[in-house]
Amino acid sequence: MSLEETPIICNLFRAKGCGEVFHNEMEHQNKEGSIHMTSCKPYKIVFNEKFGRCLVATRNLKPGEIIFGEKAAIVGPKQGCRPCCLKCFTSLDNVEEASLFRCPGCNYPFCQEQCAKSPEHETECVVLSRARACISINDMSKPHPVYQCITPLRGILLKTTQPKLFEEFSGLVHHNDQRRQTPMWRIYQVNVVQFLRKVCGLANEFSEEDIHAACGVLDVNAFEIRLPGSKRQQILGLFPTASMMSHRCIANTHHVIDSSTYEMTVRASVPIKKGEQLFTTYALPLDGTNDRRSVLRHSKLFECDCMRCSDPTECMTFLSALRCPRCPIGIMLPIQPLEENETQWQCSPCSYQLEAAVVTQLLDQLKEEFENIGPKDVEKLEEFLSRHASSLHPNHFLFTSARQSLSQLYGHDERYLLNTLTMEQLERKISICQQLLSVVDVLEPGLTRIRGVTLYELYAPMLLLAKRTYEAGHCSLAEFKERIVAVEAILSEATQILLLEDAASTEGAVCAVKALDQIQRWIASI
Ligand SMILES: C[S@@+](CC[C@H](N)C(=O)[O-])C[C@H]1O[C@@H](n2cnc3c(N)ncnc32)[C@H](O)[C@@H]1O
């Protein structure tokens, strides 16, 4: 056996962060002294001309491996939110006036006295109470502009409460120079900058530029946090390390934010090699290229030219492709996808061309029609899929979105409960989930929430279909067992993914674990 082939002998110590092997932990700690210990992480921050600061893997990472965990530096309401409790973010819509608690200091409404008296509200209340006369929030069903200043205020107040964290916060990218020309800048100027400086008396401590920078840091870097329950708002959290991750329209990481502790866990979603950049996605992965690039241009102020955006087929998913109006098999794609307003769209076999403006007009009409359906109308969603089958590619993002809704409706909607579905409807649910997965496997690969949820939706109709087929005597016991083993593999993968999700939304994971246990016992008994 050569030296290279010598296996790692037990008692050797493999450092969790850097993955290097040492004789013992002491040797690891002594390596390059404390410098190595502080940098013993599976990622490092590097600077790149194109991306700015970004994260790079310092060793090979397996799917599901935790890269880092991080607590939010600040959390707060999202711009344009409806009135909510400033402590726990419960929506105050539908809460009776008698049940609200108005803070005696600043007059903002809270869901209960305990929230208003929490230490988190103390410092901001001193500032906001100077504006008490202007804070009169009575209609809880509509967004109120006095919520716009809250999250930026929490950011700038770190200057006195946590100066080190403030340094990190104010060192994040804000793109003030580009944002200065935008309509949002003018809204912030009135509702945040002037409100905090003139009405709340912060003019001596923070310049206009400082407060605009805080707004920009949040717009460019903050993550949305989904709170459980329909009465909760979507809020923002700022995570300084996670905000260093660059964007790519097909990410290689996946993050989960615990909705009670506001802690983020970032994992590898696919295998990542040492030296590879870590990417998250700032846009919706199942939107088409033009929509994703437009969101990134306006909210994150850069032009995405990633591999997916530059490829007219979007990595062979054809998410933005149209059917050719001239030939029966043709698929129309943009010739230059990064020039969305100027590019011609061309059919691959017949070369027929359409102007970008014509395509935009057609899509605007279809988007409007789709939005008017609403996400819960099975018949209208099915009708939309069949009516436009001659205009859009089967994987088009509008169809994919319709399938996403249908995958949840068949089996759960009260008119389509699983046990009441006919054999054709079970087959329909299966084919919808499979088609959705064929797109998601490419655009949101690995251990991602949408894959977990879709695999979970796929297992139940497959199981029921196999059971009914066997009970009707249409397949042998051996064939039945084979089908159940295939269902078990799907459910097992779904469970593995769903168990990584936020503890407050693990209803799906709990059901999946129970169902997996049942199937495994069942297989053993057949
Ligand atoms: C959340 S920050 C990421 C950290 C930032 N690079 C830094 O140095 O602080 C987002 C900004 O990073 C840059 N960026 C991220 N992904 C990019 C990409 N795919 N192409 C170009 N710029 C990107 C853009 O300037 C974007 O507004």
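Student: Which element gives the largest share of the shell around the ligand?
Tutor: This is a predicted model: local features need pLDDT of at least 70, side-chain atom pairs count only at pLDDT 80 or more, and totals for chains, interfaces and linings use all residues. Residues are numbered from 1 along each chain as its sequence is written. Helices (H or I, at least four residues) and strands (E, at least two) are DSSP runs, numbered from the N terminus. Three residues, the largest share of the shell, come from β4.

Student: Which residues come nearest to the ligand?
Tutor: A residue counts as near if its C-beta atom, placed from the backbone, lies within 6 Å of the molecule. Of the 20 residues around the ligand, the nearest are G52, R53, S246, H247 and F302. 

Student: And how do the shell residues divide into nonpolar, polar and charged?
Tutor: Ala, Val, Leu, Ile, Met, Phe, Trp, Tyr, Cys and Pro count as nonpolar, Asp, Glu, Lys and Arg as charged, and the others, Gly among them, as polar. On that scheme the shell around the ligand has ten nonpolar, six polar and four charged residues.

Student: Why does the ligand lie between domain 1 and domain 2?
Tutor: The domain bounds come from an automatic or database domain assignment. The shell takes residues from both domain 1 (3-59) and domain 2 (74-238), so the ligand lies between them.

Student: Where does α8 bend?
Tutor: The bend is the angle between axes fitted to the seven residues ending at a residue and the seven starting there. For α8 that angle is about 45°, and the spot is Q189.

Student: What do the buried residues of α8 pack against?
Tutor: Buried means 20 or more other C-beta atoms within 10 Å of a residue's own, exposed 12 or fewer, and partly exposed in between, with C-beta atoms placed from the backbone. In α8 the buried ones are Y188, V192, V193, F195 and L196. Contact means C-beta atoms, placed from the backbone, within 7 Å. The packing partners are α5 (150-161) and α9 (208-221).

Student: Is M316 buried or exposed?
Tutor: M316 sits in the loop between α11 and β15 (322-323). Its phi is positive, about 65°, although M316 is not a glycine. M316 has 9 C-beta neighbours inside 10 Å, so it counts as exposed.

Student: What about L301, where is that one?
Tutor: L301 is another residue other than glycine with a positive phi, near 60°. With 17 other C-beta atoms within 10 Å, L301 is partly exposed. Its place is the loop between α10 (289-300) and α11 (307-310).

Notes: Contact = placed C-beta atoms within 7 Å.
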